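Hi everyone, thanks for coming.

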Amino acid sequence: MDIKLINIGFGNIVSANRVIAIVSPESAPIKRIINDARERGQLIDATYGRRTRAVIVTDSGHAILSAIQPETVANRFVSHKELQETGNVKAS
């Protein structure tokens, strides 16, 4: 299996193969997901003290907080995938 990595800001990288959802932290259900992950010890805060703008949910039950917009993370996810499919992989 090929490992795909996505930059989620400030030099933090997540395995793209494990991502289930990239969502905004504004809604009550997402806030519950964050609190549940915190209680289970499966919350990863990658915001460096900045405001949380995206929550990345993984298939392992981890919730990862990022300070960049969900759209930005999703664009990096899609761009990386498209580059690999076309064979035009470049360092970014």
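The protein has 2 helices and 6 strands, and along the sequence they run β-β-β-α-β-β-β-α. Helices here are DSSP runs of H or I with at least four residues, strands are runs of E with at least two, and both are numbered from the N terminus. Please keep in mind that this is a predicted model, where local features need pLDDT of at least 70, side-chain atom pairs count only at pLDDT 80 or more, and totals for chains, interfaces and linings use all residues. Residues are numbered from 1 along each chain as its sequence is written, and side-chain values use heavy atoms, with hydrogens and water left out.

Of the 92 residues, 28% count as buried, meaning under 20% relative accessible area with a 1.4 Å probe and protein chains only, while exposed means over 50% and partly exposed lies in between.

Now, inside. What lines the largest cavity? Ile6, Ile8, Val14, Val19, Ile22, Ile56, Val73 and Phe77 do. Two or more of the lining residues come from each of β1, β3 (19-23) and α2 (70-86). A cavity is a set of points on a 1 Å grid over the protein atoms alone where a 1.4 Å probe fits but cannot get out, and lining residues have an atom within 4 Å of a point. The space in this cavity is about 30 Å³, counted as the volume filled by probe spheres set on the points.

Note on methods: 1 Å grid on protein atoms, 1.4 Å probe; cavity = no way out; pocket = protein on both sides within 12 Å on 5 of 7 lines; lining within 4 Å.
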